[in-house]
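Hello,

Here is the structure I promised to pass on to you. Have a look at it first, and then read my notes below.

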Amino acid sequence: MGHDHQPAPRAPRRLRIILAAILVPAFLVTGIATALLWPGDVPKADEADPVPRFHATVTKVVSEACPPTPEGTTDPGPCGVATVRLDSGADQGQTRETDLPSGPGSPRIEPGDAVIVTPLTDAEDPTATVYTIADHQRGSPLLWLVVAFAAAIVAFGRWRGLAALAGLAVSFAVLLGFVLPAILGGGPPLLIAVTGAALIMFVVLYLTHGISAQTSVAVLGTLASLVLAGGIGTLAIALTHLTGYGDENAITLSLLHGDVDLHGLLLAGIIIGSLGVLDDVTVTQAATVGELARANPSLSRRELYRGGTRVGRAHIASTVNTIVLAYAGASLPVLLLVVAGGRGVGEVLTAEFIAQEIVRSVVGTLGLIAAVPITTALAAFVATAAHRPARAPRAPKPRTDRSEVLAALAADDKDA
């Protein structure tokens, strides 16, 4: 059996009172803001005749040569007929034939594949229904991936890993149950994002790492860095004149939900995205300083701060690259499209859909850089207070016998 790190020494009572005096009001404010911003009835987009989707299983695939197109070229295909067994819907249990899906992005199917089909009205017989294959069913593969993910975390982290999974569930619950519905309901995205991020931070950090002065330091460092990142993000968006309409998804959202403030939504995305890396840095810095203090209790606050900062610099150097590559990977199709268009580098980098990714990276990185000295200084203060040796009780003054004093005074009188 492996051993986890030793628990941090209990902080002095006065220090615990100071931390509680700062964090308890902050938590109460977060709770009140959550209650005030809690979404009501979220308006739904108008849907005209939504196309139902049913589950089916491919039982047979017959491929054939594609006929020439009217332009004289050959259809790239694939061409042929697939037989599917309907697993849901009004025709459940029946088998139907449908053309193989073709075109860019169309699913490639084989016998035994679980697919999703949509019913359409037959052009030749309006009373008949034909089915077309729309997509693969991905529920089972995704479920097994999630199970493997959870099993690996629990196997390695044991109870700490189980707590991390619970924290992940809380994060999704806050995002899906509060942040997104509140924004769709027309609330202020920035205020909602800050409140949601603070709620996630309080619950997840204490749930994962326990209630201790060390965790409280990480919470304070994360909270301060989030506020700073919000201020920098507001200034950066104003200076670069970003509108939030940087991609097709934002435009579609504005058409379906015109009440959503896309400008504020952009800043809210920066806040939520920064939280994921901020808590990693702050927890690491608090733990690093705590371990240094336990390894050498004689280290001063200045020495602990310097040692923790050196670790923080190495962490930041690798995290910055991670942030930039993560944003670049998510925007890779857009970058390829821009490069293929032959536009100049300056024009590409200043376009809004690229500029907003640059702003996200810069703001997130500045928040991380600020988190290191803030959290390290707080952790060094708490660690030295926790490891400070107890003051030895003062020895009582020796009491002089009264008779000895009177005898000494009498002797002085005789001598005189």
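**What I found**

Ala355 is a residue of helix H10 (residues 352-387); helices here are DSSP runs of H or I with at least four residues, strands are runs of E with at least two, and both are numbered from the N terminus. With a relative accessibility of 13%, Ala355 counts as buried. The cut-offs are under 20% relative accessible area for buried, over 50% for exposed, and partly exposed in between, using a 1.4 Å probe and protein chains only. Gly246 is 109 residues away from Ala355 in sequence, yet their C-alpha atoms are 8.7 Å apart in space.

Before going further, a word on the source: this is a predicted model, in which local features need pLDDT of at least 70, side-chain atom pairs count only at pLDDT 80 or more, and totals for chains, interfaces and linings use all residues. Residues are numbered from 1 along each chain as its sequence is written, and side-chain values use heavy atoms, with hydrogens and water left out.

**The chain as a whole**

The secondary structure comprises 11 helices and five strands. Of the 416 residues in the chain, 34% are buried. Taking contacts (heavy atoms within 4.5 Å) with a separation of 6 or more, 68% are between residues 24 or more positions apart.

**Helix H3 and its two partners**

Two packed helices are described by the angle between their axes and the distance between the axes. The axes are lines fitted to C-alpha atoms, for helices over the stretch in contact, and the angles run from 0 to 180 degrees between N-to-C directions.

How do H3 and H6 pack? Helix H3 (residues 189-209) meets helix H6 (residues 262-295) at an angle of about 20°, and their axes are 9 Å apart. H3 is therefore roughly parallel to H6; that label applies to angles under 35 degrees, with over 145 counting as roughly antiparallel, 65 to 115 as roughly perpendicular and the rest as oblique. The crossing of H3 and H6 is right-handed, where right-handed means that the near helix is turned clockwise from the far one by less than a right angle, and left-handed means anticlockwise. On the H3 side, the contact includes Leu190, Val194, Ile200 and Leu205, while the H6 residues include Leu265, Ile271, Leu275 and Val283. By class, this contact has 15 nonpolar residues, two polar and one charged. Here Ala, Val, Leu, Ile, Met, Phe, Trp, Tyr, Cys and Pro count as nonpolar, Asp, Glu, Lys and Arg as charged, and the others, Gly among them, as polar.

H3 also packs with H1: their axes come within 9 Å and cross at roughly 130°. That makes H1 oblique to H3, and this crossing is left-handed. Among the residues that meet are Leu23, Phe27 and Leu37 in H1, and Ile192, Leu199, Phe202 and Tyr206 in H3. The contact of H1 with H3 has 11 nonpolar, three polar and no charged residues.

**Aromatic pairs**

There are two aromatic pairs in the structure. Rings of Phe, Tyr and Trp (its six-membered ring) pair if their centres lie within 6.5 Å; planes under 30 degrees apart count as stacked, over 60 as edge-to-face and the rest as tilted.

Phe27 and Phe202 make an edge-to-face pair, with 5.4 Å centre to centre and 80° between the planes. This pair links distant parts of the chain, with Phe27 in helix H1 (residues 13-37) and Phe202 in helix H3, 175 residues apart. Phe27 is partly exposed at 41% relative accessibility, whereas Phe202 is buried at 5%.

Trp38 and Phe178 are stacked, at 5.6 Å centre to centre and 15° between the planes. Trp38 sits in the loop between H1 and strand E1 (54-64), and Phe178 in helix H2 (residues 139-184), 140 residues apart. Phe178 is buried, with 1% relative accessibility.

**Two backbone angles to look at**

Most residues other than glycine have a negative phi. Arg158, in helix H2, has a positive phi near 55° and is partly exposed at 41% relative accessibility. His241 also has a positive phi, near 55°; His241 lies in the loop between helix H4 (213-240) and helix H5 (248-256) and is exposed at 65%.
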